[in-house]
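Keep the sequence at hand as you read.

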Amino acid sequence: MRTPKLIIGLLVLVALTGTLAAPSAAAPAKLRAADERSADRTALQRAALPARSKIFRGWAFDTCLTPDLRTMAAWRKASSFRGVAVYFGGRGRFCQKQPHLTRSWVRQVDRTGWSVIPVYVGSQSPCVQLEHKKKVRIGRDPWRQGRMEGRDAVHRAKRLGMKRASALYLDMESYTMEKWQCRKPTLNFVQGWNREVRRHGFVPGFYSSLGSGIWHMERARKAGHPDLPSALWYARWSGKPRLNPIPGVHANAWQGGRIHQYAGPKKLKYGGRTLVVDRNLVNAPVARLR
């Protein structure tokens with residue numbers, strides 16, 4: 001997971017002004033108030049989560065290769081982390097082989113007090129910026145492809161013992177948003193993936209950089225697009241954890257479904273076990289195992 005430079009985010013804001021922009025200060029007060037009420041209602045709709053969802057609040061780490069159980073036990077005892085993200089599927093997953101990530105592993109870490117955050121790295125935006133992700137770009141039918149990969153995500157989650165109402169996070173790496181040829185297929189794919197994940201009773205979450213995917217979802221929300229994620233996980237390596245508000249996102253949007261990846265890869269050692277991890281602050285739904 002990576003986040004773009006701040007300047008890219010600023011350019012995106014400029015490029016996206018127009019029908020999706022906030023009302024100007026010169027707009028009549030009644031119109032501004034109506035727009036704000038509408039935005040609030042939409043935000044609350046997006047924030048709705050199944051009653052059975054498991055919400056985790058605390059510190060979490062993610063690392064490419066799922067750690068073995070001894071490492072998880074050592075970190076559980078010696079660190080302040082209580083959440084762990086696992087890359088459980090997707091054609092864009094960098095560490096395709098995950099020898100430790102089994103149904104038994106998920107069950108055991110859950111029983112010892114860990115919250116599991118499932119990440120699915122599927123097809124990427126046509127304008128994805130990472131060179132090694134360009135080989136897995138979205139094809140000609142984004143909606144259909146999103147639904148197919150959503151079904152695959154649900155199937156893999158069930159094989160690992162995850163129950164309905166579990167959150168599954170789609171990883172969409174940083175992409176260019178200046179052109180509609182980038183934005184439209186990316187949004188269609190995400191909508192299809194979300195629709196399918198919800199249809200099976202799971203909760204669709206979305207990971208991306210603040211300057212691309214997250215601001216894209218916020219603008220789609222303001223425009224009233226359906227089938228958006230129920231939780232946002234944003235990457236901004238500021239070193240300062242921040243969940244409320246997410247910069248550039250309406251204060252009421254995605255309440256109860258937010259994760260901030262606030263620091264990039266760093267080598268950390270706890271209980272004699274060393275991992276290279278990204279760090280996250282979480283207030284969001286996670287996997288439900290019981």
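Contact here means heavy atoms within 4.5 Å. Helices (H or I, at least four residues) and strands (E, at least two) are DSSP runs, numbered from the N terminus. The model is predicted: local features need pLDDT of at least 70, side-chain atom pairs count only at pLDDT 80 or more, and totals for chains, interfaces and linings use all residues. Residues are numbered from 1 along each chain as its sequence is written, and side-chain values use heavy atoms, leaving out hydrogens and water.

Start with helix 3, residues 69-78. Its buried residues (under 20% relative accessible area, 1.4 Å probe, protein chains only) are Thr-71, Met-72, Ala-74 and Trp-75. Seen down the helix axis, they fall within an arc of 165°, so they line one face of helix 3. That arc is taken from the directions from the axis to the C-beta atoms. What covers these residues includes strand 1 (54-62), strand 2 (83-89), helix 4 (103-111), strand 7 (258-270) and strand 8 (273-286). The face turned away carries Arg-70 and Lys-77, both exposed (over 50%).

Now go to helix 6, residues 180-199. Gln-191 lies in this helix. Is Gln-191 buried or exposed? Gln-191 is buried, because its relative accessible area is 7%. Leaving aside neighbours within four places in sequence, Gln-191 is in contact with Trp-143, His-225, Pro-226 and Asp-227.

Helix 6 also meets helix 7. Arg-183, Thr-186, Leu-187 and Val-190 in helix 6 touch His-216, Met-217 and Ala-220 in helix 7.
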